[in-house]
Amino acid sequence: MTLELGGIHHLTAVTADAPKNLQFYTQTLGMRLIKKTVNQDDTSAYHLFYGDGVASPGADLTFFDFNTLREQRGNHTVGRTGLRVDSAETLQWWKDHLQSHNVGTSGIKERFGHVSLDFEDFEGQRFRLVVDEKNKVIPWGKSPVPEDRQIIGLGPITLSVPALEPTDAMLTRVMNMRQVRHYPARERNGEVFVYEMGPGGPAAELHVSVDPSLPRARPGAGGVHHVAFRTPDQDSLREWIERVNSFGIRSSGEVERFYFTSLYFREPNGVLFEIATDVPGFAADEPMESLGETLSLPPFLEGRRAQIEAGLKPLV
C-alpha cells in the first residue's frame, strides 16, 4: 500500500509583535489560542498556536515570535497560506468583516480552482480564504466570529519557487503527491501547479507557483518558517523517515515535540518541510476546555520554567 500524507498538519509563520499577533488572530480572525508555549529550540521566543474549537490537526496556524525585520518577498519560501471556510456566502461575510476592521481585501473570485478572497495581516502575512464544501467548522464557543462563519482550517498552501522540476521530483517521487492541474498565475508571471495528498481537496493541496524572475526571499516577520504535513502516528512517521533516508535526503530524523512527533527536511528549492503526527495532540498536558490559557511547557523544559517565564514579554 502506498505511503500517503493526510494533508496539511500545520503552518508556522513569523511575527515580530506577539501581543498584536494574539489580538489579530483571536479577535479579528476569531481563531482559538490552543497552545501558548515557546520555541523549543529558542526558549526566549513564544510559539503561539491558533486553531479550531478542539485543536484539530490541519487547523493549526502557528507563530514564532522573533525580533526581526519584515520578510523580503521572493522565491524559495511559502508565498501564501490558505484558510478554509464553508461557502461563498461566508467569503462575503469575511470580506465585509475584514474591511470593517481596516484590513484590505481582494475581490471574491475563482483562483486556481477555488472561489477565494485574499488579504494580509498587519505584518504582510499573505492569506487566501478558500471555500471548502467537504468539511465543516468545529467552532470555538468564545470566538467573536459567529460559529457558522469561523475558519475550518488550513489549505491550500502555496510555495514560491524559481524552477518546478526539482520540487516536483520531491513532491511526486518522494512524498507520493499527485500533480492534478496547473494554471497561469494571475497576479504575476509564471504558472501555478497543483499537487494533491491523500483525500485531495483544499485541505490536502499544495500549490507551487513558479516564477524565475523573483529574487530570493529574505526571512522575517510576515513570512513563513515551515509547512507541516499530516501522518497518523509514530509508526507511519518512522516509515516516512525510512523513505526520506532511502533517497539520500538530509533530514532531522525523529524529533519529539511532545504534542506531536516530527521529521524535518528541505525540498530542493529550500522550503523547510515537516511531517508531523496527528497524535497525541494539544490536550496532552492541559484540559481541552482551558487550552492556551497558561504557558505550557513540554516535560523536557518544565525544569526551566522560572527561567523561561522570566525571559518572555507579557502578551497583554
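Predicted model: local features only at pLDDT ≥ 70, side-chain atom pairs only at ≥ 80, totals over all residues.
Biologist: Which residues does UniProt list for "domain: VOC"?
Modeller: Residues 7-132 and 153-278, according to the UniProt record, an unreviewed entry.

Biologist: How much helix and strand is there over residues 7-132?
Modeller: That stretch is 19% helix and 45% strand. Its end C-alpha atoms are 14 Å apart.

Biologist: On to packing. How many residues are in the largest nonpolar core?
Modeller: It has 68. L29, L129, M175, F229 and F273 have the most contacts inside it.

Biologist: Take L129. What does L129 touch?
Modeller: Leaving out residues up to four places away in sequence, its partners include W94, F119 and I151. L83, V85 and L91 are also among them.

Biologist: And which residues are in the second core?
Modeller: That one is separate and has eight residues, including I34, A55, F260 and F282.

Biologist: New topic. Where are the cis peptide bonds?
Modeller: One joins G155 and P156, with omega about -10°. P156 sits in strand β9, residues 153-161. Another joins V279 and P280, with omega about 5°. P280 is in the loop between β16 and α5.

Biologist: Which residues other than glycine have a positive phi?
Modeller: H76 is one of them, with phi near 70°. It lies in the loop between β4 and β5. N176 is another, near 60°. Most residues other than glycine have a negative phi.

Biologist: Where is N176, and is it buried or exposed?
Modeller: N176 is in the loop between α3 and β10. It counts as buried because its relative accessible area is 18%, and the cut-off is under 20%.

Definitions and conventions: Residues numbered from 1 in each chain as written. Heavy atoms only, no water. UniProt positions renumbered as here; feature names shortened; annotations may be inferred. Helix = DSSP H or I, 4+ residues; strand = E, 2+ residues; numbered from the N terminus. Core = buried A, V, L, I, M, F, W, Y, C linked by side-chain atoms within 4.5 Å. Buried < 20%, exposed > 50% of the residue type's maximum accessible area, 1.4 Å probe, protein only. Contact = heavy atoms within 4.5 Å.
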